[in-house]
Amino acid sequence: MTFQVVMKRPESLTMREFTYCPGCTHGVIHRLVAEVLDELDMRENTITVAPIGCSVFAYEFFDTDGTIAAHGRAPAVATGIKRARPDLYVFTYQGDGDLGAIGTAEIVHAANRGEKITTIFVNNAIYGMTGGQMAPTTLLGMKSTTTPYGRKAENDGYPLRVSEIIKETRGVAYLARTKVNTPQDVRKTKEAIRKAFLAQVRGIGFGMVEVLSTCPTNWGMDPVKSLKWLEENMVPEYPLGVFVDKVGE
Amino acid sequence: MAERVLVKGTEAMGEAAVRAGCRLFFGYPITPQNELPEYMSKRMPEVNGTFLQTESEVATINMVYGAACTGTRVMTSTSSPGYSLMQEGVSYMACAELPAVLVNVVRGGPGLGDIQPSQGDYWQATKGGGHGDYKLIVLAPSTVQEAVDLTVLAFDLADKYRNPTLIVADGVIGQIMEPVTFPDFVDLSQLPTHDTWALKGNKGRQKRIVAPFDLDPYRLEQMNLALVAKYEEMERNETRWEEYRLEDAEVVITAFGTVARIAKSVVDQAREQGIKAGLFRPITIWPFPYKRLEELSKGKKLIFDAEMNMGQMLEDVKLAVKDNAPIEFFKRMGGVVPTPDEILGALNSKLGR
Amino acid sequence: MAKAKGKIEIDQERCKGCGLCVSVCPMKVIEFGDNFNNKGYHPAEAKHVDKCIGCGFCYNICPDVCITVYKEVENA
């Protein structure tokens, strides 16, 4: 009997250690994207478009050519890349401030045009990089540095369900909302990410996965507790599921 | 013998871009340049190119950024308020050293202003516009033929220096129709490939990034110093201007774009009235021809700057002329285009005639 | 039938001591070590690796790609 490797660092990740906080699920999602790039043999033909946010350094961690987009504009940058070089693959990796606040127009229109790009949307209900301000996806009553008394609907509006908006644009080929707070859900998220990339690889249309994620630092709790908090608070607000699947098997 | 065709300025710049090998155009509607994206929407499919009407000027400039990352020739056009929206993206492109051609068909401002021609974006174009230390080569055509020629040049300069080139055409250039000759189609296989830096997929090589930033201040300083050196090279090599009847001139009219064209009539009419006038017309409003204007201004009776703005190029004229000669200024604003008579009348009164 | 046999290796210097792997391991293989790594964390260690079944839960939840998972296979 000998031991054989069954799970290890995917090739599409560089050796760089992640700059994310301990327990931040960005690292999990990066790994899933890299596993998919490996399995679909896409790495050498893929351009990474990093956002403004904690994952601004995403281009350091993926072993692909890459760039950084202005805040919210990654879907437009990706559109520019894809229209210039339709033979290349391109994905955007964006947080909830980048995609859900300043970038709402760009993501809606990229989806509506059915741009053959893939978007990984990391939703942790807070602005991480800038130190914990309210995001469009921050929950009602949730405290942040700009909602010190808790988010109030009458002043700050409601948590924004981005996938439900994107669902209504007809260029979408794959759209799902998943979570990564249990190992089983991590596997399910990988499958969704795989399909979102297949939507591009097979030339069907726009693919996006909204991944409910944790931010232990700005939620003010330890990483293990964050997994539980996500389950109890975010899942009721942001229903999981596959909204659009034109990819099939 | 190349044929002469009657064409509107905006469309002429579009066709010139196609001749220059541009096969990618992103744009958003805004008056008075809509004919350019409309023309490209028809023309690009004819040449196997891509046209995309975007959701905003903000999206537009970021699509231009993305396309430029791949080393592909790309263009957009807009007008003043739209160019304001593009400033963050332009700053990003300058930092990341990305080539592209941008066209601003300038209208009356500030704010929503109006849709008439103006020269009110000179400062925005030449002194920044976006944040940070950067410059763009800015070309100011004064006829539709020149707009065609400068559009082709703009692509070459953008590729040569890895920097966006801006064409500032006021609304008159955008809208008038004149006979032009278009250049031959560039052989697409001869276009610069930018293989040393462009994002094309890292098959068989190390990955690379196009980065509009560096969080380490010492490294960012080095990046900035390299950009400064590049801009100094542009100043040495790319300054362009026109001199009209300046050989024996005592009065130098300075103007750019459409006003320069009007000023040519003023020069001729002034000469008929016995005033030895001439015109100094910057073609690159950045890099500005300070040295030549300084030389020319020595011993002159008057430097007379005429613009459709509150005195924007005037500041550069003053920097060039220093104490060499007195300077007077003529302005129209709000989108009003002056007549030669008006300018000549003002010149006469400044000369005490 | 014997339970699947697995093995994990945790990169002690990459680990940030977040504790997610400790919390999900069904066999309680992983515990925090007593020493500090270069980052100043107590890294997770496969203290009871003989209990490992190679399920990969730790690998899946680890945000820093610290873990390599092995499974025992019959020699040919």
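Q: In what order do the elements of chain C run from the N terminus on?
A: This is a predicted model, in which local features need pLDDT of at least 70, side-chain atom pairs count only at pLDDT 80 or more, and totals for chains, interfaces and linings use all residues. Residues are numbered from 1 along each chain as its sequence is written, while chains are lettered from A and ligands numbered from 1 in the order in which they are written. Helices (H or I, at least four residues) and strands (E, at least two) are DSSP runs, numbered from the N terminus. Chain C has two helices and four strands, and from the N terminus on these elements run β-α-β-β-α-β.

Q: Which element of chain B gives the most to the side that touches chain A?
A: Two residues are in contact if their C-beta atoms, placed from the backbone, lie within 7 Å, and the contact takes 27 residues from chain A and 32 residues from chain B. On the side of chain B that touches chain A, β3 (50–53), α3 (57–69), α5 (87–96) and β9 (209–210) each supply at least two residues. The element that gives the most, with nine residues, is α3(B).
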